Number of protein chains: 2
Amino acid sequence: MPVTNNDFSQVMFDRHSVRRFDPSVTIPRAELQAMIASATTAPSACNLQSWHFVVIDTPEAKAKFKQAAMAFNYPQVDTASAIVFIAGDTHSHLVYRDVWQKVYEAGKISKEKLDQIFNTFLPLYEHAGRDFLTLDATIDGAMVGMQLLLVARAHGYEANPFSGYDFKTVLPAVGLDPARFVPVMAIAIGRPAADVPVLKTQRYDSQTLTEFL
Amino acid sequence: MPVTNNDFSQVMFDRHSVRRFDPSVTIPRAELQAMIASATTAPSACNLQSWHFVVIDTPEAKAKFKQAAMAFNYPQVDTASAIVFIAGDTHSHLVYRDVWQKVYEAGKISKEKLDQIFNTFLPLYEHAGRDFLTLDATIDGAMVGMQLLLVARAHGYEANPFSGYDFKTVLPAVGLDPARFVPVMAIAIGRPAADVPVLKTQRYDSQTLTEFL
């Protein structure tokens with residue numbers, strides 16, 4: 001249940017996608033919730049935390065999710081202990097005033113900073129179109145997803161992020177309102193199947209992707 | 001230059017955004033490049049690695065970047081040792097066949113898997129519209145950005161991700177082609193200014209953001 005591997009380099013640099021798991025492994029819901037809580041230490045735009053999680057960890061839930069998942073992802077859906085579907089919440093700014101008012105009341109920011117947030121940042125969201133809100137929530141969701149991939153490893157599991165599902169039907173399939181949420185990614189978590197070969201994919205030499213302005 | 005803090009829990013759970021840095025600190029370019037390389041162990045959709053980095057670490061480069069940055073971000077731009085601007089590359093799939101052919105030739109995937117990639121995944125990108133490619137590259141860029149925030153801490157620095165810049169002018173300002181790239185986030189890295197108060201923002205109780213399907 002706690003972090004069992006606290007070696008940062010091992011957790012991050014030895015991570016690779018695992019797509020076939022030992023189906024006999026169960027992860028307690030309290031541990032799944034704890035891993036999600038840990039992942040939400042991720043930063044988010046204006047601390048809006050525009051992320052939302054649907055945990056799929058029963059045969060019935062997997063059957064619902066598979067209505068939208070692409071067939072080539074069935075093996076990992078079938079064998080993972082749990083799939084955490086991450087959605088972006090385009091309505092997160094509707095509680096914005098309340099969130100920052102509390103930060104102010106707790107004495108963590110000045111009145112000047114509070115006014116700046118209410119007068120500068122808040123209107124950006126209140127006047128934003130769906131595209132902006134989608135991108136913003138997608139970035140938040142991807143960052144929390146990256147943390148969840150690492151936290152899973154720190155807990156002794158392996159994981160794989162995937163978006164091989166029908167973007168139009170996946171939200172209703174997992175019970176979320178498409179008018180409010182956007183799909184970001186699904187993360188399958190479990191222990192690797194005993195016979196699964198490790199696929200360490202290559203990365204480009206980062207120098208070829210970097211410029212010094 | 002190497003990882004100086006390898007404690008996973010400390011690196012991830014004690015991370016918070018720092019926006020004012022000690023301007024006397026210089027980070028060697030080799031170390032910046034090493035941190036970027038470490039961050040690119042992040043996963044990406046179909047291993048396309050749709051990320052691109054522009055490092056801003058001189059007064060001249062900062063002046064260019066500030067043409068697009070919003071004024072409330074000037075303090076962190078001015079004081080950070082470096083800003084790493086992360087763009088998403090919507091053309092990353094143009095080298096797709098080459099990338100996976102090499103993985104196949106290295107004996108890491110079967111011919112069957114290679115055919116699946118070429119016949120199933122590749123057409124998704126080749127026939128995709130700009131919106132799909134933007135979202136896909138944005139997710140890749142956000143995940144690598146999250147890893148960079150953690151790697152910076154492991155190297156003994158602090159960081160802050162921000163997108164307070166003009167989305168239309170920031171790409172030309174940093175020398176990137178808007179027809180190809182999309183802005184994802186900027187990450188300011190440095191050592192905190194001595195007198196900067198720590199703002200530990202609150203997170204929602206993750207249970208309120210989680211459903212079990």
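**Figure 1. Lys111 of chain A in helix α6.** In this predicted model, A:K111 is partly exposed, with a relative accessible area of 43%. The residue belongs to helix α6 of chain A, which covers residues 111–126. A:K111 and A:M12 lie 99 residues apart in sequence. Their C-alpha atoms are 39 Å apart in space. A:K111 is also one of the α6(A) residues that meet α5(A).

Figure 2. A:E126 sits in helix α6 of chain A. Is A:E126 buried, partly exposed or exposed? A:E126 is partly exposed, and its relative accessible area is 45%. Neighbours within four places in sequence are set aside for the contact list. What remains is contact with A:H93 and A:R97. A:H93 is 33 residues away from A:E126 along the chain. The C-alpha separation of this pair is 7.5 Å. A:R97 belongs to α5(A), and it is among the residues through which that helix meets α6(A).

**Figure 3. Helices α5 and α6 of chain A.** Helix α5(A) spans residues 96–105. It packs with α6(A) at an angle of about 165 degrees, and the axes are 11 Å apart. Angles over 145 degrees count as roughly antiparallel. The two helices, α5(A) and α6(A), are therefore roughly antiparallel to each other. Their crossing is right-handed. From α5(A), the contact takes in A:Y96, A:R97, A:W100, A:Q101 and A:Y104. From α6(A), it takes in A:K111, A:L114, A:I117, A:F118, A:F121, A:L122, A:Y125 and A:E126. By class, the contact of α5(A) with α6(A) holds nine nonpolar residues, one polar residue and three charged residues.

**Figure 4. Helices α5 and α6 of chain B.** In chain B, α5 covers residues 96–105 and α6 covers residues 111–126. The axes of these helices come within 11 Å and cross at roughly 165 degrees. α5(B) and α6(B) are therefore roughly antiparallel to each other. α5(B) passes α6(B) in a right-handed crossing. Which residues of α5(B) meet α6(B)? They are B:Y96, B:R97, B:W100, B:Q101 and B:Y104. On α6(B), the partners are B:K111, B:L114, B:I117, B:F118, B:F121, B:L122, B:Y125 and B:E126. The class count for this contact of α5(B) with α6(B) is nine nonpolar, one polar and three charged.

**Figure 5. Helices α2 and α7 of chain A.** Helix α2(A) runs over residues 29–39, and helix α7(A) over residues 130–154. Their axes come within 8 Å and cross at roughly 130 degrees. How do α2(A) and α7(A) lie to each other, oblique or roughly antiparallel? They are oblique to each other. The crossing of α2(A) and α7(A) is right-handed. On the α2(A) side, A:M35, A:I36, A:S38 and A:A39 make the contact. On the α7(A) side, A:V144, A:Q147, A:L148, A:V151 and A:A152 make it. The residues of this contact divide into seven nonpolar and two polar, with no charged residue.

**Figure 6. Asn47 of chain A.** A:N47 is found in the loop between α2 and β1 of chain A, where β1 is 51–56. A:N47 is buried, with a relative accessible area of 6%.

**Figure 7. Asn47 of chain B.** B:N47 is in the loop between α2 (29–39) and β1 (51–56) of chain B. Phi of B:N47 is near 55 degrees. That is a positive value in a residue other than glycine. B:N47 is buried, and its relative accessible area is 6%.

Figure 8. Chain A has eight helices and five strands. From the N terminus on, its elements run α-α-β-α-α-β-α-α-α-β-α-β-β. Its C-alpha atoms fill a box of roughly 60 × 40 × 35 Å along the principal axes. Of the 213 residues in chain A, 54% are buried. Contacts in chain A can be sorted by sequence separation. Among those between residues at least 6 apart in sequence, 82% join residues at least 24 apart. Chain A exposes about 8700 Å², and carbon and sulfur atoms supply 55% of that area.

Conventions:
Residues numbered from 1 in each chain as written. Chains lettered and ligands numbered in written order. Predicted model: local features only at pLDDT ≥ 70, side-chain atom pairs only at ≥ 80, totals over all residues. Heavy atoms only, no water. Axes fitted to C-alpha atoms, helices over the stretch in contact; angles between N-to-C directions. Helix = DSSP H or I, 4+ residues; strand = E, 2+ residues; numbered from the N terminus. Parallel < 35°, antiparallel > 145°, perpendicular 65-115°, else oblique. Left-handed = near helix turned anticlockwise from the far one by under 90°. Contact = heavy atoms within 4.5 Å. Nonpolar A, V, L, I, M, F, W, Y, C, P; charged D, E, K, R; others polar. Buried < 20%, exposed > 50% of the residue type's maximum accessible area, 1.4 Å probe, protein only. Areas by Shrake-Rupley, 256 points an atom, 1.4 Å probe, with all protein chains shown as cover.
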